[in-house]
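Here's a quick briefing to read alongside the model. Have the sequence and the 3D view open as you go.

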Amino acid sequence: NTYCMGHFDDPFFTNPVCTLLYPSLYIYAFFATIVLVNLLIAQMSATYDAASTEGELLFKSQRTKLIAEYKDNRAALPAPFNILLYIRWLMQWISNTMPEKPRLC
């Protein structure tokens, strides 16, 4: 049972059900591929949105921690000028620890 070119008198090629089988299979495969690619794109989009939202929240959290660290635990001036703050703090400490002088008025 060999099929040569131009040999179309075989019952397979004359049966209408068999004639429509391959085109309908190709049409089904084409549309199934389109639907599956569309589902893949939707899933990737949802995953990207979730990762983007989580990344944004993590960025804001880390930024808040960094601001709190520098606000609460560091001097307000950079390194060469912070000596002025230490001198001021030292003078305040000395004035607070010294006993008050009696007033004459």
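**A helical turn, and what sits around it**

Tyr86 and Trp89 are 3 residues apart in helix α3 (residues 82-97), so about one helical turn separates them. Helices here are DSSP runs of H or I with at least four residues, strands are runs of E with at least two, and both are numbered from the N terminus. Keep in mind that this is a predicted model: local features need pLDDT of at least 70, side-chain atom pairs count only at pLDDT 80 or more, and totals for chains, interfaces and linings use all residues. Residues are numbered from 1 along each chain as its sequence is written, and side-chain values use heavy atoms, with hydrogens and water left out.

**Aromatic pairs**

- Searching the whole structure turns up 2 aromatic pairs (Phe, Tyr or Trp rings, the six-membered one for Trp, with centres within 6.5 Å; planes under 30 degrees apart are stacked, over 60 edge-to-face, the rest tilted).
- Phe30 and Phe31 make an edge-to-face pair, because their ring centres are 5.4 Å apart and their planes sit at 70°.
- Tyr86 and Trp89 are also edge-to-face, since their ring centres are 5.3 Å apart with the planes at 75°.

- Tyr86 is partly exposed at 43% relative accessibility (buried is under 20%, exposed over 50%, partly exposed in between, using a 1.4 Å probe and protein chains only).
- Trp89 is partly exposed as well, at 40%.
- Met91, in helix α3, counts as exposed at 54%.

**The salt bridge**

- Side chains of opposite charge can pair when their charged atoms come close.
- The structure holds 1 salt bridge (a side-chain nitrogen of Lys or Arg within 4 Å of a carboxyl oxygen of Asp or Glu).
- Lys60 and Glu56 are the partners, with their closest N and O atoms 3.4 Å apart.
- Both lie in helix α2 (residues 16-73), 4 residues apart, or about one turn.
- Lys60 is partly exposed at 47%, and so is Glu56 at 44%.

**The chain overall**

- The chain has 3 helices and 0 strands, running α-α-α from the N terminus.
- Buried residues make up 3% of its 105 residues.
- Its accessible surface is about 10,400 Å², with 69% belonging to carbon and sulfur atoms (Shrake-Rupley method, 1.4 Å probe; for residues, only the protein chains shown count as cover).
- Mean pLDDT (the predictor's confidence in each residue, from 0 to 100) is 83, and 76% of the residues score at least 70.
- Among the elements, helix α1 (residues 11-14) has the lowest mean pLDDT, 62, while α2 has the highest, 90.
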